[in-house]
Amino acid sequence: MTDYKPALTLQKINDAEAWLHTGKTEPIRVIGTEAIRETFDEKTLQQAINARLSPGVKQVVLNPDAHVGFGAPIGCVMVSPTHIYPGPVGVDIKCSMSLLQFDLDADAIKDRTVRRELINAICDRTPTGPGAGQRSVRKGRRFPKGLPKQAVIEGASESVCEQFGIPTEWRDRCEDFSHVGHNGTSDALAERLERILPQKSMCNFGEKMQQFGSYGGGNHFGECEIVHVIDNDKARETAKQFGLIDGNVAFFSHCGSRGFGNILATGQFKVLQQRFRDWGIPFPGDDKELVYAPLGNPEADDYLDDMAMGGNFATVNHLLINALVAEAFQEVFPGVTSRFIYYISHNIARREPWDGKMMWVHRKGATRAFPAGHPSLAGTPFESIGHPILLPGNPRDGSVVMVAEEGAIKSCFSVNHGAGRVMSRTKANKELDQHSINDEFDASDILTNCRNYPKDEAPAAYKDFREVVKSVEGAGLARTVAKLEARFVIKDGDAADD
């Protein structure tokens with residue numbers, strides 16, 4: 001690594017894009033309006049430069065939600081044909097979004113009592129919090145012995161879905177319903193799992209397997225929405241093909257690979273950091289979270305296998321959450337039907353065509369954005385239109401469903417994964433006022449399962465989502481198909497008393 005220190009300033013390209021120069025490579029493309037660019041602190045920019053100057057890296061893109069992360073910024077894309085990096089994937093492997101559309105008019109949930117019934121019915125089935133599992137809720141699923149291990153190895157296979165009670169047709173609406181090991185087989189995952197199960201870090205493997213069908217803590221959530229399709233012919237046609245229904249109720253979920261994925265990811269960081277020390281290799285940018293493994297090495301194979309197992313857990317977890325949410329809605333509204341819209345990740349590395357070659361595209365707090373005709377969509381329901389992009393904002397300002405434009409090629413066919421933090425959790429808990437947050441939710445008629453909505457998850461702790469969306473559209477990466485208006489939120493917190 002060089003000790004060259006470029007100026008941490010951005011060179012404007014247009015109203016929605018800028019360059020960040022590294023001094024040694026082509027510049028890093030930064031997506032964001034002027035207002036968004038002002039939210040990037042010095043450490044975020046330095047992390048992006050460190051990532052770009054790391055071995056084997058051919059491209060880095062900084063998205064409008066970018067902020068400081070482990071090794072690389074949360075909200076970045078990093079491309080390499082030769083190396084795999086755990087940092088630009090993150091500790092919550094395959095943290096993802098999913099959307100379930102109901103044939104239920106918005107008026108059906110206008111009454112707060114009905115919404116409270118739905119909250120209770122969902123919380124009876126989908127626990128929340130770091131240690132939550134299906135055994136901790138009244139109506140949680142009981143799994144056949146061996147099923148969780150099968151899910152980790154196979155992902156959302158037909159057998160796994162049938163045993164969990166997940167509609168098998170939902171698999172067609174997942175960006176990847178199953179991940180395989182480094183050699184392209186699920187056998188590699190079975191072998192890897194047997195090797196690591198005796199390790200001390202896996203002593204509570206059975207407990208972590210009970211977390212299928214649960215939300216974590218932090219920024220994970222379940223959110224009941226009203227769909228508002230954008231009022232133009234193009235958006236209406238795309239929404240129709242996606243399966244969105246204007247003015248109807250939908251359910252939005254954000255979660256990942258839970259405790260199992262965290263164990264896998266943190267274990268990989270420790271192993272690779274020790275390898276660097278043993279080999280006398282300097283950490284890129286003097287950052288121990290920016291470790292890597294050259295593809296083909298045993299360390300890279302182990303990481304790819306662990307990432308695949310974490311990805312399989314996350315996929316089945318989301319699908320089961322949606323099945324449980326559908327069941328809860330049917331309890332309150334007998335006969336209601338639903339359609340699974342899409343499931344999309346924002347913490348994963350995936351082998352994709354880029355610049356005429358197959359490369360590993362690392363997305364950390366970034367989500368893929370493939371427009372119509374992209375080769376990765378061949379044979380999917382979205383081949384001719386592009387897939388749904390699910391972008392969470394905040395309950396007060398709403399979220400959006402987008403679809404990629406041809407301009408997404410300049411961001412490695414990626415966009416941001418949400419709004420992105422503008423305040424640390426510590427600062428938010430210290431400075432934000434709980435009463436004001438609660439009053440804001442009451443004024444917006446948004447219910448939650450919490451007595452007090454977490455201060456570190458309040459809308460004020462995040463960037464202006466309108467500016468974030470403006471950045472994406474202004475850069476020509478994607479266009480908005482529908483807006484989502486929150487009616488209630490499921491979070492990790494104390495139970496509400498109303």
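Lys94 is buried, with a relative accessible area of 0%, in what is a predicted model. Because buried means under 20% relative accessible area, Lys94 falls within that class at 0%. Lys94 sits in the loop that links β6 (83–84) to β7 (96–105).

**The seven-stranded sheet**

- An open sheet with mixed pairing is built from seven strands, in the order β1-β2-β3-β4-β5-β13-β12.
- The edges are taken by β1 (10–14) and β12 (347–354); each has a single partner strand, so one side of each is left without a neighbour in the sheet.
- On average, neighbouring strands of this sheet are turned by 25° against each other, direction ignored.

**Strand β13 and its two partners**

- What joins β12 to β13 (residues 357–364)? Eight bridges do, and the two strands run antiparallel.
- β12 and β13 make up a hairpin with two residues between them. In the turn, Asp355 has a positive phi of about 55°.
- Within this pairing, Ala349 stands opposite His362 of β13, and Arg350 has Val361 of β13 as its bridge partner.
- β5 (residues 74–80) also pairs with β13 in the antiparallel sense, over five bridges.
- His362 in β13 is the bridge partner of Met78, and His362 is also the residue opposite Ala349.
- Six of the eight residues of β13 are buried, which leaves the strand mostly covered.

**Helix α10**

- α10 (298–332) has 35 residues and spans 52 Å from its first C-alpha to its last. This is close to the 51 Å expected at 1.5 Å a residue.
- Is α10 mostly covered or mostly uncovered? It is mostly covered, with 30 of its 35 residues buried.

**The second largest pocket**

- The volume of the second largest pocket is about 350 Å³.
- Its lining consists of 18 residues, and those nearest the pocket centre are Arg192, Gln199, Gly267, Gln268 and Val271.
- Which helices each supply at least two residues of this lining? They are α6 (187–196), α9 (258–279) and α10 (298–332).
- α9 gives the most to the lining, with nine residues.
- By residue class, the lining of the second largest pocket divides into seven nonpolar, five polar and six charged residues.

How values were computed. Residues are numbered from 1 along each chain as its sequence is written. This is a predicted model: local features need pLDDT of at least 70, side-chain atom pairs count only at pLDDT 80 or more; totals for chains, interfaces and linings use all residues. Side-chain values use heavy atoms; hydrogens and water are left out. On a 1 Å grid over the protein atoms alone, a cavity is a set of points where a 1.4 Å probe fits but cannot get out, and a pocket is an open set with protein on both sides within 12 Å along at least five of seven lines; lining residues have an atom within 4 Å of a point. Grid points are joined across faces, edges and corners, and a volume is the space filled by probe spheres set on the points. Helices (H or I, at least four residues) and strands (E, at least two) are DSSP runs, numbered from the N terminus. Ala, Val, Leu, Ile, Met, Phe, Trp, Tyr, Cys and Pro count as nonpolar, Asp, Glu, Lys and Arg as charged, and the others, Gly among them, as polar. Two strands pair if DSSP finds at least two bridges between them. Axes are lines fitted to C-alpha atoms, for helices over the stretch in contact, and angles run from 0 to 180 degrees between N-to-C directions. The expected span of a helix is 1.5 Å times one less than its number of residues. Buried means under 20% relative accessible area, exposed over 50%, partly exposed in between (1.4 Å probe, protein chains only).
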